Amino acid sequence: MKRICLLIVTGALIVSGCGGSSSTSSPATTSSASSGGHVNITLWHGYTDVEGTAIKALTKQFNATHPNITVTPQFYGNSDYALQKVLAAIAGGKPPDISYLYGSWAANIATNPTTVNLAPYIQKDPSWNWNDFWLAARNVTTVKGKIIGVPALIDNLALVYNKKLFAQAGIPLPTPNWTWTDFENAALKLTDPSKKQFGWAYVNDASEDTVWRFWAMLWQAGGSILSPDGKQAAFDSAAGLKAMTLLQTLAKHNAIYLDDGSDVYPGVFNSGHIGMLWTGPWDLSQITGHQPYGVTILPADKNHQTISGPDNWVVFNNGSARVNAAVTFLKWFTSPAIDLEWATMTGDLPLRASVSKLPGYNAFVQKYPGIGEWAANLANATQSRPVTTTYPKISTVVGQAVQSVLLGKADPQQALSQAAQQVNGILSAPS
Amino acid sequence: MTARAEVTRGVDYRRPSLWQRIIASEHLAGWAFVAPAVILIAVFALIPIGWSLLLSFQANNLLAPGHYIGLANYRALSKDPQFRAAIGHTIVYTVIFVPVSVLAALGLAVALNRKLRGIRFYRLAVFIPLVTSTVATGIVFLWLLDPTFGLVNYALHALGLPQQGFLQDPNQALYCIVVMTVWGWLGFDVIVYLAALQGIPQDLLEASEIDGASKWATFRSVVLPLLGPATLFLVVWSTINALQLFDEIYVTTHGGPLGATTVIVYYLYQQAFQFFNAGYGAAIAYVLFVGILIITLFQLWVGRKRVYYVS
């Protein structure tokens, strides 16, 4: 009898479950079928906290000023898993109109027929002022001549240093004119194994977090990731060797705190055990209020280049009326004035170069000490990672190469040659 | 009406129609009762299993429409050195994990199968890791085993022993995962053994005591054989779980360092969800499925010859 009851309960749950899902999907169907000129669109995002509040406030502001369009922001959970959810929605025939998606997915998302190519919209309308977006962000939206998204976030790596540890070691603070030699010497002097103190920190989980820091070093030494035609690995060069050798030297002297990828280094920095970090504005809120810190651009070998990991707003095709509404919203949302409003609310970097000329910019820089250096550093983000479907594989190979040098399991030249050979194999394989 | 029906039934030897038989059959009622579960399993298990078989014959990134490429995924898999390495890591892990966890559980269950003060507390202590989420377990172990600031290295230092890299050392990481998963899963095995121990008829134990058997002889000749079914179940179940190890790796080492903990399912995840090779990932899943099937059938075959069921 107990079992029968259970079955009935299960049955009831299924029925109610189905009922629930069909009732939630019905507003979407009515919205797409709306006539009368009013368009409802959905925007998927993973914002929480201040950003969550900001996206609600700004969409509300947009809806109030655009009577023909209603944008509904919907929270999809952690952005790391957004792709699976968007894929499921596409397969189910009801993709969101706009979704926040990582830049590293761009090349693969471009292969989906539902993804809208925004190039015609942007070329048709010069008031987009497209080239005002930072180059690094534009690069990640562009796949084989298509524009598959609008910049949603931009960041970059800058040098963050603990002023107290520099004073204790008796070395002058980093300047924007620092060279690799200055950096190396400082890192070694800041290292003291007896106090568990490290000159620098490096994310050593062989993920993209390991790899992009290496790319910044490679570019600073004048190297490049792939050959200009994109068909060959180019990082196995004098520049690559120089970058790997710097990593090897510092690792050998225990000057690098090796983070296992679970985001330990900010805490270690806050406890005064790390002298310098290469990190982005996302760590700013975590490190504020613990150690006296300063921010400056990365040290130079040949130049001071940095790397940026931008993300995109991607538009999916739910009919031309909704695509047009989505484009209208994104143009408004990323316009200089609104972008500055967003930056001031959240502490994210402005997406456009011209934002720094707006009257409200000083208030933004003063609200987040150090953010001005990161914002200015965007001018040093002049190169981007290749936007190709094979990049995730290339990243895995190079991640292992960097890790093998950091762990002392391979010497720099050996690691580079082996990685280059594997990357060439990936690039020549038919996809 | 009833009388007449009875009469006609008495003379009418025509078989009832199919529909009538279906309606009258007990099967229908049975199926109706299990339908909710069957539908759930079909939608969330059987259909995906069938679909992923099709997927394994395709080049598919789940984003654009895929196309069929026959057995190419399987052919590539047979020549993939990384897949071979992943199989190696999985086997090493399984060969250590299964005996260690089953034997440790047996010892603990025997120790806990006594009337002791605070026995509930001890049982709870063994069981708690099982109900703790894998993510929490993973993070706790990352902290404990941190090479620079972890508690374990601190203890080693205090004892004058050399510092270890643990999860950050390619030669140690997989063994650290074994320790972590044994700790995390032990509670389940202990519960199964405890239940089996308490199911052993008291008269058998008394009989062996009267016959003058020592405690060890009783354990070896009476208790252990009677635990056979539970042992077989645990070995089969633990092996299947070990071969499908994923969560703990995903939370702690991400398959590293230097690929040292890339087990089969983690490699599958990398291929399908990081490299967008969903077809290749599905092929890996099917190879693993066939492997598990063969191993399980072998274990059950051995078990049939060695395990005695007493009721």
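Axes are lines fitted to C-alpha atoms, for helices over the stretch in contact, and angles between them run from 0 to 180 degrees between N-to-C directions. In this predicted model, helix H5 (residues 81–112) of chain B packs against helix H12 (residues 228–243) of chain B at an angle of about 150°. Their axes lie 9 Å apart. Angles over 145 degrees count as roughly antiparallel, and H5(B) and H12(B) are therefore roughly antiparallel to each other. The crossing of H5(B) past H12(B) is right-handed. On the H5(B) side, the contact involves B:Thr90, B:Tyr93, B:Thr94, B:Phe97, B:Val98, B:Ser101 and B:Val102. On the H12(B) side, the partners include B:Leu234, B:Val235 and B:Ser238. The residues of this contact comprise eight nonpolar, six polar and no charged.

H5 of chain B also takes part in covering helix H14 (residues 264–274) of chain B. Nine of the eleven residues of H14(B) are buried, so this helix is largely enclosed by the rest of the structure. Among the buried residues are B:Ile264, B:Val265, B:Tyr266 and B:Tyr267. B:Gln270 and B:Gln271 are buried as well. The cover over the buried residues of H14(B) also includes helix H13 (247–251) and helix H15 (278–306) of chain B. Just after H14(B), B:Phe276 has a positive phi of about 60°.

Contacts join 20 residues of domain 1 of chain A to 19 residues of domain 2 of chain A. On the domain 1 side, the elements that give two or more residues are helix H4 (106–109), helix H6 (135–141), strand S4 (142–143) and helix H16 (371–377) of chain A. H16(A) gives the most, with four residues. This side of domain 1 of chain A is made up of eleven nonpolar, eight polar and one charged.

The two chains also meet. In chain B, 21 residues are in contact with 28 residues of chain A. Helix H3 (26–55) and helix H7 (134–144) of chain B are the elements that give two or more residues to the chain B side. H3(B) supplies the largest share, three residues. The residues on the chain B side divide into 14 nonpolar, seven polar and no charged.

Methods. Residues are numbered from 1 along each chain as its sequence is written. Chains are lettered from A and ligands numbered from 1 in the order in which they are written. This is a predicted model: local features need pLDDT of at least 70, side-chain atom pairs count only at pLDDT 80 or more; totals for chains, interfaces and linings use all residues. Angles under 35 degrees count as roughly parallel, over 145 as roughly antiparallel, 65 to 115 as roughly perpendicular and the rest as oblique. A crossing is left-handed if the near helix is turned anticlockwise from the far one by less than a right angle, and right-handed if clockwise. Two residues are in contact if their C-beta atoms, placed from the backbone, lie within 7 Å. Ala, Val, Leu, Ile, Met, Phe, Trp, Tyr, Cys and Pro count as nonpolar, Asp, Glu, Lys and Arg as charged, and the others, Gly among them, as polar. A residue is buried if 20 or more other C-beta atoms lie within 10 Å of its own, exposed if 12 or fewer, and partly exposed in between; C-beta atoms are placed from the backbone.
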